[in-house]
Every structure is written in C-alpha cells, then in structure tokens.
Amino acid sequence: MNFVNILEEIEKVDGDVYERLSPRRKAMKNFFSMGSKVAIAALPLALGSMFKKAYGQAVPQNIIDVLQYALTLEHFEYRFYERGSMLAPIPVGADNAAIQIIRDSEGKHVNFLKSVISSVGATPVAEKVVYDFTAGGTFPTVFTDYATFLAVAQVLEDTGVRAYKGRAGELLGQKVFLTAALGIHAVEARHAAKIRSMRRMNGHAPLLKSYITGGNDSGVPAANGNYGGSTPEGNVVQAGITITGINGQTISANTATEAFDEALTAAEVLALVAPFGVS
Amino acid sequence: MNNLTKQEVQELPEESKGFLASRVQRRSFLKYAGMSAVGIALVAAGCKKDKQIEGVYLGSGDIGILNYAYALEQLEAAFYIQVVTSFYSGASDDEKIFLTDIRDHEIAHREFFKNALGGSAIPSLEVDFSTIDFTSRASVLGTAMAFEDLGVTAYDGAGYLFKSADYLLLAGKIVSVEARHAALIRELLSTNTFLGAEVDSNSVNISRSPAEVLSAAGKYIKTKINAGDLPTA
C-alpha cells in the first residue's frame, strides 16, 4: 500500500486533503511521483518548488556540501567511463554495453545532482578541465589495457560506495536528500558488483566476487587505501558485535567482511582521488 | 503503486496486499477517506489499535526499524538456507558458490540484528515458501532477485526514519551488500540487467516504505507482523 497512492485516492474525494494533512505533504507527493511524469528539463523547477515548500526557505549549507561532494565524485566517474568507452579496448558486445550503461548512469547522477544543487539556490561545482586517469602514472595503461581499465573501475566504484556511505549521517532524517543519496549509493554498489562480475567472468580475476572479500581484493596494490581507512573493509566487528562465528554460526572472517561494506570519510576519499586530479 | 514493479504487483494475491488492507478493506477505507480529515484520523487510530490485537509487534522508533530489518533478514536467510540445502538441478559451480555466500551473508545480517536488538528483538518468524519451486532455477533466482531488489528498496526507503546516525550507518553497510547481491543475481538471470527497472530516470535506486515492503513480502511470511507503530516521518 503506497502512501502516495492513498493520497491520490483521497484527493479524488477531497481535493484539499494535502493541506489538511500538512501543507508540505503535497510537495513531497509531487516530488516522489514525478519520476516518469516530468521531463528532465522541468526537473530543476519542480525540485526548486518542492524544496521551497518543504523548507520554507534555504536548505542548510551542510546538506549542500554533501551534494557538492557527491557531484565532485560523479563528475570524475562519468568522465572516466566516457573517455574509457571511447579509448579503452573494451570488447564489442556485452562488455561494451555494460560500460555504456554505467557511463550513462553516472551521467544521470551528474545531471541529477546539478539540478538539485541549482534548485536549492547554490552553484554546482564545475568538473575539472583535466583529470589524470593514470593517477600520476600509477595506471599508465588505464585506457590501453582492458584488464587495467576494469581494475581501476572496480576500485573507483567500491570507493564511491564508501564515499556515499560515509556522509549519509550528515543527511540524517532528511527524507528527500537522504533517500536520494541512498538511492545513488545502491546504484554505485550495483555498478561495483557488475564490474567485479565482469573481471571474474573474463578471467582477469577468476576468484573475485561481487562483494568485497577480506579487504583489498582488487589485485591492485596501489588501491590498499581504497579498501583501508579508519574503518577498513577488513573489519569484522559491527557495533561492538563480532560477526565472525556469531552465535555459533559458521561465519568465516571473509564472510564477515563480505556481509558488511564500510564507509570512508570525506577526507579519506579526497586524499584517495587527489592523484586523479579530483578536488 | 507506481514505485512497484509491475511483475511484483501482479504476483501478489489480493488478500495478501498488506497488513493494512487486511484490517481496513479497500472500499471501506476509501469511504472513510471520503470523510476527509476526520476520516483519516479514524483510519490512523484504527491502525494503531492493531498492535493490541495480534501479530508480532515490531515496536516504534529506531527499534521498530531495526526489527523491520531483522524481519527481512530472517526471511532472506531462511530462503537461501533452503536453496543451498538442495540446489535446483543444473546449478553451475559459480551459482552454488554465490548462493552459498549470500546465504552466509544473510545469516550474518540476521544474527547481527538479533544480537544488536537483544531483548527488543522480535521472535523468529515463520516463513511460507509454498509458492517457490526450489527445484527450478528460474523460480529460485527469480525469487532471489525479488528479495534482493526489495531489500535494497526497503533499506533505502527506511533510512530517513532513523533518529540515530549510528543505526543509519549500519543500515548503509548492509544495503550496499544487498545491492551487490541484487546485481549479481540479476546478471545470473540476464546479462546487463544489473540496474534494470530498479532505477528511476535519474538512475537513482527506487525506494519503498515499510508498508509497501511488508505488503510485498507478506505472502512469504506466515507470522502476522504488526508494523503499526513504525515511524512514518
């Protein structure tokens, strides 16, 4: 039973239901139901109206900061796939299609975040004129060797998941912003799983799985930090509860790490992406 | 219902469309609704009363949300335990590896919530998998996909209800793993469906409210669940 659906039903017999319930609710309802109904071009306007109604006035700066941070990372991810899809020797067929799906997905995240940031009266951060996709020479063959391209893609996606997770707490209780951020977070995880699956299937990393096993399982030593941090991916204790062998279950340490992804702080992420020219 | 996939909606028999529907029949609900604000207040009161009547009570506030997650993890774990106990015929080595891994992840999640909730934890739920053909690859993987996709929308849709940033972070640690599962299972079924219809036009994963999720999961859970006091804002 969908609350929006309920409201729509009620609206048929009581046109003022939204105002009776709460003047903000109609704004919420419009926002969540517009997905397929409103053209992308109309989004900024619709969002702006929505946020204005929901907040009465300005959106707090700390929320805008999180959105800008997300946009900063999405700009880079989009360009990585955009350049990669043109330059890297990606096999024609399913692999090429997969990379294009991910590229387009990142592009939509960029446009979505730009729209949201604009709609709340802020100026979206610009993308960098130049990125260094070799990360200062660490990955010189990133766009000439397919295996390297996918390995770097995995590291970037896993890092992206950790980046969103790390700032969710700053959006605590923010229905619109947090739900959107969590929605992007889940999509980044889907990307990561797909890239990992591709590396396994095409033999680049035959034992790799769609989830993070043990820690840096990318086969890229330079990515240790991407799987490390103040709470590394190898962590097996959640909220003081040891997951390994929990309650007598046969849960190995590797399984315990796979079952929970870990966050990175903004400072940790920005340090990791700095060699790519991201800031 | 525009957030639900058509397939899932169709799968749901009318009588299982939710714990709310079972209390307040649709027609009478709309009749109440016609009474506008007063009617809504009555319906809301009617929902609250449910907890005193029957069902496993999830609780309120963050505890309620954690129990809600615990309920879903119980369901997922029970499903994969049965899958792994006797694999469908023709399961590939990779499929066996992945399904076994996912079973263990879901057990880890289930036991984590159980311990984290301590005395506030709901009891073990009784599941009903009578509609699943565990000998059929299509049935097992199709159900796995539905559970994983539903789980992602559940965590995403409940995130804003948490009052504690610590609990939100824990949910975040789990939901990305569920999303990885979802993508993995989807790829087993059909290449390049890792996003599929689970994302909106902005490539943001869709989300669902607890009421929507419990409605969709209802046909697999025999135990009556009372979610009447879960936070809604």
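I looked up which residues join helices H5 and H8 of chain A. A:Ile63, A:Leu67, A:Glu74, A:Glu77 and A:Tyr81 of H5(A) meet A:Phe177, A:Ile184, A:Glu188 and A:Ile195 of H8(A). Contact here means heavy atoms within 4.5 Å. Helices are DSSP runs of H or I, at least four residues, and strands are E runs of at least two, numbered from the N terminus. By class, I get 6 nonpolar, no polar and 3 charged residues. (Ala, Val, Leu, Ile, Met, Phe, Trp, Tyr, Cys and Pro count as nonpolar; Asp, Glu, Lys and Arg as charged; the others, Gly among them, as polar.)

This is a predicted model: local features need pLDDT of at least 70, side-chain atom pairs need 80 or more, and totals for chains, interfaces and linings use all residues. Residues are numbered from 1 along each chain as written, chains are lettered from A and ligands numbered from 1 in written order, and side-chain values use heavy atoms, without hydrogens and water.

Next, I checked the geometry. The axes of H5(A), residues 61-87, and H8(A), residues 175-201, come within 12 Å and cross at roughly 25 degrees. That makes the two helices roughly parallel, a term for angles under 35 degrees.

Then I looked at backbone phi. A:Asn247 is not a glycine, yet its phi is positive, near 50 degrees. I find A:Asn247 in the loop between strand S2 (241-242) and helix H9 (253-259) of chain A. A:Asn247 is partly exposed at 40% relative accessible area. B:Ser203, also no glycine, has a positive phi of about 60 degrees. B:Ser203 lies in the loop between H8 (165-189) and H9 (210-217) of chain B. B:Ser203 is buried at 3% relative accessibility. (Buried is under 20%, exposed over 50%, partly exposed in between, with a 1.4 Å probe and protein chains only.)

Key: Axes are lines fitted to C-alpha atoms, for helices over the stretch in contact, and angles run from 0 to 180 degrees between N-to-C directions. Angles under 35 degrees count as roughly parallel, over 145 as roughly antiparallel, 65 to 115 as roughly perpendicular and the rest as oblique.
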